[in-house]
Amino acid sequence: MSSSKVLPLYSKSDLASHAKKDDCWVSLYQRKIYNVTAFLDEHPGGPEYLLEHAGKDITEVMKDSAIHEHSESAYEIMDESYLVGYLATEEEEKKLLTNKDHVVEVNLKGDAEFDSTTFVKELPTEDKLSVATDPTSDYKRHKFLDLNKPLLWQVMFGNLTKDFYLDQVHRPRHYGKGSAPLFGNFLEPISKTAWWVVPTVWLPVVIYHIHKALVNMNQPFAVFLFGLGVFVWTLIEYCLHRFLFHLDARLPDNNAALTLHFLLHGVHHYLPMDKYRLVMPPTLFVVLCTPFYKLVFALLPYYWACAGFAGGLFGYVCYDMTHYFLHHAKLPPYMRKLKKYHLEHHYKNYELGFGVTSWYWDKVFGTYLGPTAPLSKMKYE
């Protein structure tokens, strides 16, 4: 994710003064300033088009589909290569008069105009996804969970109705200081799983089972069954996400059910950018995987089952890795589309877009989260 940098702070007049072919600056969001002089001759539309907007804000131009709607990678390249400073607010401009060097640490995480708890049609830019929620004001406003205190006990013993819980738990917060406390005691470490644990634990199991199949049966058929297992996993992934993790409407209205929902998936929707609560802890996966394992080995000859199970388990590893990197990595073009699609499940409509590694099954079952999809309803302040 994008992060704040220690860079100069400039006034609007400073920005406007850089409006020449050999000195061309522009801004985005009335906040980030870019020196695009070196990019003028490389711009696909020619230098003249950029020069028309030199010294000005180009946020609306960049988003205008009638002209050319820029991809997410264009914004990433600008941040990486051309960011030179920040545009001062009125209050900050006053401080510039007494700050000779005008170098400050601009805290983009404090931008007040972004409210992560409100579903939006247009996905927020990545710098906004790191805006930290103020725990005190969030609790005062929503009367849901206090991020300053262990979360699990608040769900377990709180006076929460199912309707209110579901409305609030799907509206994202950002802790901003690592992982929010879940247990608040010695049990805290078991609630966190680093992404690398998944391939470390499960890839050896995949290799063991596919090796057994390859040395004991027809190899091309074993490869076919492995591929079939991967494909079947994509359907399992969709069904688990839609019908178990989002049990939502069928959830019993009691604290025990709400607590189970929170542990299983609610905490991820409540804190979607928490790096340590993104992938599935191995113990939980064993519980969910065991029925499928028994079914596969009951229905198929042993070595066929080894090949098919290896493919399904490999599909799961790919799913959890994909899920993590969709939230926390810069990705190639196809994956950026998938990233946008998944993040819209969090920030636009959590009742659509259940596919993580692809949107194939969403299209098959009519839950595709397209550009015209409605926002999830917000019933409570």
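Tutor: A two-residue hairpin connects β2 to β3. Keep in mind that the model is predicted.

Student: How do you know that β2 and β3 pair?

Tutor: Pairing requires at least two bridges. Strand β2 (residues 19-20) and β3 have two bridges, in the antiparallel sense, so they count as paired. K20 stands opposite D23 of β3.

Student: What makes β3 and β4 a pair?

Tutor: Four bridges join β3 to strand β4 (residues 32-35), and the two run antiparallel. W25 has N35 in β4 as its bridge partner. The hairpin of β3 and β4 has three residues between the strands, and Y29 there takes a positive phi near 60 degrees.

Student: Why is β3 called largely enclosed?

Tutor: Buried means under 20% relative accessible area. Six of the six residues of β3 (residues 23-28) are buried, so the strand is largely enclosed by the rest of the structure. In a regular strand, side chains alternate between the two faces of the sheet. Both faces of β3 are covered: D23, W25 and S27 are buried on one side, and C24, V26 and L28 on the other.

Student: Which residues make the nonpolar surface patch?

Tutor: Y208, L295, L299, L300, Y302, Y303 and W304 make a patch of about 690 Å². Helices α12 (282-299) and α13 (302-328) each give two or more residues, and α13 gives the most, with three.

Definitions and conventions. Residues numbered from 1 in each chain as written. Predicted model: local features only at pLDDT ≥ 70, side-chain atom pairs only at ≥ 80, totals over all residues. Heavy atoms only, no water. Patch = residues over 30% accessible without salt bridge, like charges linked within 9 Å, V, L, I, M, F, W, Y side chains within 5 Å. Areas by Shrake-Rupley, 256 points an atom, 1.4 Å probe, with all protein chains shown as cover. Salt bridge = Lys/Arg side-chain N within 4 Å of Asp/Glu carboxyl O. Buried < 20%, exposed > 50% of the residue type's maximum accessible area, 1.4 Å probe, protein only.
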